[in-house]
Amino acid sequence: MMKLRSRKYYFRLLMFSLLIGTLPVIIVGTVSYYKSSSIVQEKVNQSRMETLQQMQLRMEQVLKTIDHSVTQYISLPIVVNAMSLPYSGGDYQLYREMYQSMIRSQTFELAVSNMTVLNLNGRWGIDNNNIFTFDDVKEMEKLLRYETLPSFSAWVTNDTTTDSSPSISLVKKIPLNSLKAEGLLIVTIAESELARLLEADNRIGSMVVFNQEYQVLTQSHPSSSKFEELVPLLRKQHEEEGHYNVKLAGDDTSVIMRKSNYNGWTYISAISIKDITRDSRSIGWMTLAVCGLLVLLTAAFSLFSSKSFYRPVRQLVRAVAERIGDAPQEDKGDEFALIGSRVQAMLQSESKLSAQVVGQMRELRRFFVIKLIHGEVREAQLRDYLEEYHYPLDWSWHAALAIQIDSLEDSRYEERDRDLLLFAIANIAGELIPDKERLDPVLLEQSQITIVGGLDGSQAQQKVQLFGWAEGIQQAVREYLGLQVSIGISRPQKRLIEAADSSEQAIEALHYRIRNGMESILFIDDVTYGDPVASVFPQRVAKELYNSVKLLEREQADALLEQCVGAIFQERADWRQYQLSLVRLYAMLTELGQSDSETSAAPVPLDQEKQLFETLLALKTQEEIKLWLRETVTHPIMLQLEQQRKSHARHVSDQVLEMIHLRFDTELTLEACAAQLNYHPNHLGPLFSREQGISFSEYLQHYRLEKAKRWLIETDMKIGEIAEKLTYTNPQNFIRFFRKMENMTPGQYRQLHQPHN
């Protein structure tokens, strides 16, 4: 198994060496080839652009020379004056002088095929051959069409026929710059002359010239018609010069273009890309040969070096296999995988052992701190413990920081997360306070305790340092956990064995958070006082609060509760006095319902009462206390009193109704009902009105009226008897009251409602 495996890493090493050696050669060769090809093509294009520019300049120089000579000729007085003369044999001398001047003006480098002067008014003309009239020329219309040209001077292309060769003409109107032409001068140049200029400048590729209408004027290879495919491309271009790669007659072609500002012609140089890259291909073959040679040399070197590098690896594999054993059958890795798996197994075993030792050491350190805080460490053993757990030995003072979470309300945490959060706070404290200035932070009930210390320093310096640590912890907890914490700080002490007293002082300082509010930093010396006050209970405000709750004045009660709690914590006192005042206030309010004989509430069970007291004493801030008293005590008591009083008022009202229904035929009064029910009339009257929506006297009158109406219909009682039975001393008073209420007399009511026999 090992023998088969032993070659795997060797082949990987060999392939890697080959890759490292050949890949740069291939990359460099490829980049060099493409770079040289681009440079060659760029140089060729630059040379072609220069050649095209030279050819354009030469051709335009010839054309401008012709233009200049012709302009001088038509500016001669003899030519200008001849345009106003008709054709006449007597002007033969004039015609001869014009002809001789015409011949002299054609002494320039490019041969002119013909030069013609036309007198449009006299209908005669002169050319290189003879003097003629318009009637003597068959195709005069082709010449006369130039009269309609929009410009004074223009280069035009002549239409070709089967018996004539292509040519171009320079047409000028006579006289110059005249709105109406009296004559025309036409200079004709054969296309072959322009082609000769192209052949003189063209070294590679082909050249072609287009006129303003993108018709081919001339080209270096007249037999080629592929340049007509360029016309759509040229019509889209607006630049004066450019370079394009296009496909002409199925061949990839590089095209360079220049437009003339003189006559609007377009000069084109085209060459096949194959011709451009002919030299590049030779460079490519040379590069390929060099790269191939380098690859062979690299392969030989890689083979030799791989064997040398692999020799110690093979020896190490054999040693591991002999001492530790071969790898399992299912292990498909190479030699290093075998070595790695064996070494990894040893390292994991060592790491597990180290982690167990470190974890146990960390727990032992924390256990020592907890014992120190509980006062269970003897002074004789303290130094040995400090040395064993690598704690500082040179502290000259120490103090305790007690950290508590202010509240988990309005946070993303629940009460079950408190212990985990305290553990996180302990880690934060351990990170912020240097190791040499603290012991391991520990958890103690609902607090996190950190013993800190340092070298010599004044009390002011020690206090500043303690405050800085506490403030840093508060900021970090707020940033990372989103919680508010309060920190109690003991007074600095010299002997570390007194850490238990320091911890108690720090926790003692946190009790005064109830006065300072959330996120407080409390030094024990700043919150304790030598002479405690006799009492912090605000008797007057508490009594007003009691009366407001009793009278169900909710807004007034809330305001007085705020004032009462604020008055309790206004005095500087021991925290135990604050708790006694809160218990006293709670007891006063809860006894409110029971003190009212009319609306006494059921007593609270003892276990529930105990739980409420514990909850009250566990509150940490004034805002929590106010909220708890308002929602748990004052508002529920007022709601209970309101419900009970409504029930009582309904019962009393029902009693009054029953008395009215039974004694309506007597001299019944509100005072009599109040006396029988043991209430004052001023209390009973409004109570009855609130419950029934009508006063006592009105209800009594309406009830008596209903009785009278029933007696009138159902009995034969006389009206006087009914009035007497309803306690009316005078029947007329009863009749007036009945008419007022029913708009008819009792007799009329009886006649209207009593059935007729």
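Accessible areas here come from the Shrake-Rupley method with a 1.4 Å probe, and for residues only the protein chains shown count as cover. By that method the accessible surface of the protein comes to about 42700 Å², of which 53% belongs to carbon and sulfur atoms. Please keep in mind that this is a predicted model, in which local features need pLDDT of at least 70 and side-chain atom pairs count only at pLDDT 80 or more, while totals for chains, interfaces and linings use all residues. Residues are numbered from 1 along each chain as its sequence is written, and side-chain values use heavy atoms, with hydrogens and water left out.

Of the 757 residues in the protein, 43% are buried, where buried means under 20% relative accessible area, exposed over 50%, and partly exposed in between, with a 1.4 Å probe and protein chains only.

Now to the residue I picked, E624, which lies in helix α21, spanning residues 622–663; helices are DSSP runs of H or I with at least four residues, strands are runs of E with at least two, and both are numbered from the N terminus. Is E624 buried or exposed? E624 counts as buried because its relative accessibility is 18%.

Which residues does E624 touch, if we do not count residues up to four places away in sequence? They are D406, S407, M518 and L619, where a contact means heavy atoms within 4.5 Å.
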